[in-house]
Amino acid sequence: MNPADAVETIQREMTVFARRARAAAGRMHPELSLVSYTLLGHLEESGGCRATDLAAHYALDKSTVSRQVAALERAGLIERRPDPEDQRVLVLHLTGAGRRVLARVTESRRSAFRERLADWPAEDLSLFAECLVRYNAGSGPGGHD
């Protein structure tokens, strides 16, 4: 396959992957969107952060994050706490319920991935993982900048 065709195939397949991920997230936990799942995961990994940090990290509009955060707060999955170093700043943290929901959804997603990849040879799994890490490490929205 020539490079132009390869890039076209990658773009098409990444779009299919994204659509499937959104649909699967909705089936696995209907009240937790893929964006909400992603935000909860980041809060867990980071130990808490400001809403503006979430917006910057994911290159999302502040109003989008604000709506997501408000919905997660209403659901009792996150809470705002004063920053110990600057009491004027509120930091978002997972609640106990948020941790439980995130753990349940994460395990469900892992099981789905394990099932889908069960027949792949170990070398293919390793190569796929390495390529995804390299792709996502690139600069731009959603990368590990």
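**A walk through the helices and the hairpin**

Let's start with a pair of helices: helix 2 and helix 3 (residues 51-58) pack at an angle of about 115 degrees, and their axes are 11 Å apart. Because of that angle, helix 2 counts as roughly perpendicular to helix 3. The contact itself is made by Thr38, Leu39, His42 and Leu43 on the helix 2 side, while helix 3 brings Leu54, His57 and Tyr58. As for handedness, the crossing of helix 2 and helix 3 is right-handed. Keep in mind as you look around that this is a predicted model.

Next, follow helix 3 to its other partner here, helix 4 (residues 62-74). The axes of helix 3 and helix 4 come within 9 Å and cross at roughly 125 degrees, so helix 3 is oblique to helix 4. Here the contact is made by Ala51, Thr52, Leu54 and Ala55 of helix 3, together with Lys62, Val65 and Val69 of helix 4. The crossing of helix 3 and helix 4 is right-handed.

Now back to helix 2, which covers residues 34-46 and holds serine 36. Is serine 36 buried or exposed? With a relative accessible area of 6%, serine 36 is under the 20% cut-off, so serine 36 counts as buried. Its side chain makes a polar contact with the side chain of glutamine 68, at 2.7 Å. Setting aside neighbours within four places in sequence, serine 36 is in contact with Gln68 and Leu72.

Further along, leucine 43 is in helix 2 too. Leucine 43 has a relative accessible area of 3%, so it is buried as well. What does leucine 43 touch, not counting residues up to four places away in sequence? The answer is Gly48, Cys49, Leu54, Ile78, Leu92 and Leu94.

Some of those names lead us to the strands. Strand 1 (residues 78-83) and strand 2 (residues 86-94) pair in the antiparallel sense, over six bridges. A hairpin of two residues joins strand 1 to strand 2. Look at isoleucine 78: its bridge partner in strand 2 is leucine 94, and leucine 43 touches both Ile78 and Leu94. Leucine 43 and aspartate 83 are 40 residues apart in sequence, and their C-alpha atoms are 14 Å apart in space.

Terms used
Residues are numbered from 1 along each chain as its sequence is written. This is a predicted model: local features need pLDDT of at least 70, side-chain atom pairs count only at pLDDT 80 or more; totals for chains, interfaces and linings use all residues. Side-chain values use heavy atoms; hydrogens and water are left out. Two strands pair if DSSP finds at least two bridges between them. Helices (H or I, at least four residues) and strands (E, at least two) are DSSP runs, numbered from the N terminus. Buried means under 20% relative accessible area, exposed over 50%, partly exposed in between (1.4 Å probe, protein chains only). A polar contact is a pair of N or O atoms within 3.5 Å; within protein, one must be able to donate a hydrogen and the other to accept it, and residues adjacent in sequence count only if both atoms are side-chain atoms. Contact means heavy atoms within 4.5 Å. Axes are lines fitted to C-alpha atoms, for helices over the stretch in contact, and angles run from 0 to 180 degrees between N-to-C directions. Angles under 35 degrees count as roughly parallel, over 145 as roughly antiparallel, 65 to 115 as roughly perpendicular and the rest as oblique. A crossing is left-handed if the near helix is turned anticlockwise from the far one by less than a right angle, and right-handed if clockwise.
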